[in-house]
Amino acid sequence: MTDAAPRRGRGRPTRTQTESGPATRDRILEAAREEFSERGYEKTSVRGIAKSAGVDSALVHHYFGTKEQVFEAAIEVAFAPALGAPETLVEGPVDGVGERLTRFVLGIWENPTSRTPLLAIVRSAVNNDTAAAVFRRLVAAQLLRRIAGRLDMPDAELRAELAAAQLVGVAMLRYVIKVEPLASVDLERIVARVAPVVQGHLTNP
């Protein structure tokens with residue numbers, strides 16, 4: 001029973017197929033992110049992911065299950081830094097949480113390494129209901145509610161969602177749609193204008 005850790009889906013890969021373990025799983029996830037980024041959720045298939053990763057389709061099902069589950073796993077990997085951040089973001093003076101959150105979120109988008117998988121996720125979520133549901137479930141459960149849980153304010157969940165909406169809107173216009181001058185203006189100017197608004201959503205009466 002050497003394969004107890006991976007999620008078992010359809011298909012029974014041979015010992016030869018699974019002996020690479022974590023390395024094979026990581027290769028599948030990397031291929032999945034590339035496929036979702038290039039093709040979007042609708043046009044990506046488990047077969048295409050398997051081909052890109054150089055494995056049999058049954059192995060993808062073995063590790064992740066359905067295409068929806070592969071997509072969710074890819075999101076979790078891409079969002080790993082953000083999902084672990086709420087605790088550090090709300091530590092320190094409450095009057096600076098808006099700037100800390102703004103810098104953190106936009107900093108992820110500024111980094112080309114993390115921006116590529118984020119673009120894939122956002123584009124898939126915008127164009128497909130299933131992908132949107134996965135994205136919404138993950139972000140709501142693991143990010144927004146955790147931030148809200150650290151706010152000692154009424155309507156904490158609504159406040160966290162409004163703050164997130166402000167930052168997502170800026171990210172969409174700057175990094176996805178690339179509206180000028182927002183797309184090319186210095187990040188510090190954006191932070192200076194957006195952070196107080198985010199702060200207001202989180203802590204204003």
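Helices here are DSSP runs of type H or I with at least four residues, numbered from the N terminus. With that in mind, Thr-102 is found in helix H8. The model is a predicted one.

Begin with the whole chain. The protein has twelve helices and zero strands, and its pattern along the sequence reads α-α-α-α-α-α-α-α-α-α-α-α. Of its 205 residues, 44% count as buried. Among contacts with a separation of 6 or more, 68% are accounted for by residues 24 or more positions apart.

In soluble globular proteins, nonpolar side chains tend to be buried together. In this model the largest nonpolar core holds 26 residues, and the members that touch the most others are Leu-101, Trp-109, Ile-190, Val-194, Val-198 and Leu-202. At least two residues of this core come from each of helix H8 (97-110), helix H9 (112-127), helix H10 (129-149), helix H11 (156-176) and helix H12 (187-203). H11 gives the largest share, seven residues. There is also a second, separate core of 23 residues, and Phe-36, Ala-50, Phe-64 and Val-134 are included in it.

Which residues does Val-194 touch, not counting residues up to four places away in sequence? They are Thr-102, Gln-166, Leu-167 and Val-170. Leaving aside neighbours within four places in sequence, Thr-102 is in contact with Gly-107, Leu-167, Val-191, Val-194, Ala-195 and Val-198.

Val-197 lies in helix H12. Is Val-197 exposed or only partly exposed? Its relative accessibility is 35%, so Val-197 counts as partly exposed; that class lies between 20% and 50%. Val-197 and Thr-102 are 95 residues apart along the chain, and their C-alpha atoms are separated by 9.8 Å.

Another pair of residues brings in a loop. Asp-155 sits in the loop between H10 and H11. With a relative accessible area of 58%, Asp-155 is exposed, since that class begins over 50%. In sequence, Asp-155 and Leu-202 are 47 residues apart, while from C-alpha to C-alpha they are 9.4 Å apart in space.

The last topic is how helices pack. Two packed helices are described by the angle between their axes and the distance between the axes. Take helix H2 (residues 22-43) and H9: their axes come within 8 Å and cross at roughly 40°. This crossing of H2 and H9 is left-handed. On the H2 side the residues are Arg-33, Phe-36, Ser-37, Gly-40 and Tyr-41, and they meet Thr-116, Pro-117, Ala-120 and Ser-124 in H9. Sorted by class, the contact of H2 with H9 has four nonpolar, four polar and one charged residues.

H2 also packs with helix H4 (residues 57-64), at an angle of about 100° and with the axes 11 Å apart. H2 is therefore roughly perpendicular to H4, as angles from 65 to 115 degrees are classed that way. Thr-24, Arg-25, Ile-28 and Leu-29 of H2 make this contact with Leu-59, Val-60, Tyr-63 and Phe-64 of H4. By class, the contact of H2 with H4 has six nonpolar, one polar and one charged residues.

Technical notes: Residues are numbered from 1 along each chain as its sequence is written. This is a predicted model: local features need pLDDT of at least 70, side-chain atom pairs count only at pLDDT 80 or more; totals for chains, interfaces and linings use all residues. Side-chain values use heavy atoms; hydrogens and water are left out. A nonpolar core is a set of buried Ala, Val, Leu, Ile, Met, Phe, Trp, Tyr and Cys residues joined through side-chain atoms within 4.5 Å. Buried means under 20% relative accessible area, exposed over 50%, partly exposed in between (1.4 Å probe, protein chains only). Contact means heavy atoms within 4.5 Å. Axes are lines fitted to C-alpha atoms, for helices over the stretch in contact, and angles run from 0 to 180 degrees between N-to-C directions. A crossing is left-handed if the near helix is turned anticlockwise from the far one by less than a right angle, and right-handed if clockwise. Ala, Val, Leu, Ile, Met, Phe, Trp, Tyr, Cys and Pro count as nonpolar, Asp, Glu, Lys and Arg as charged, and the others, Gly among them, as polar. Angles under 35 degrees count as roughly parallel, over 145 as roughly antiparallel, 65 to 115 as roughly perpendicular and the rest as oblique.
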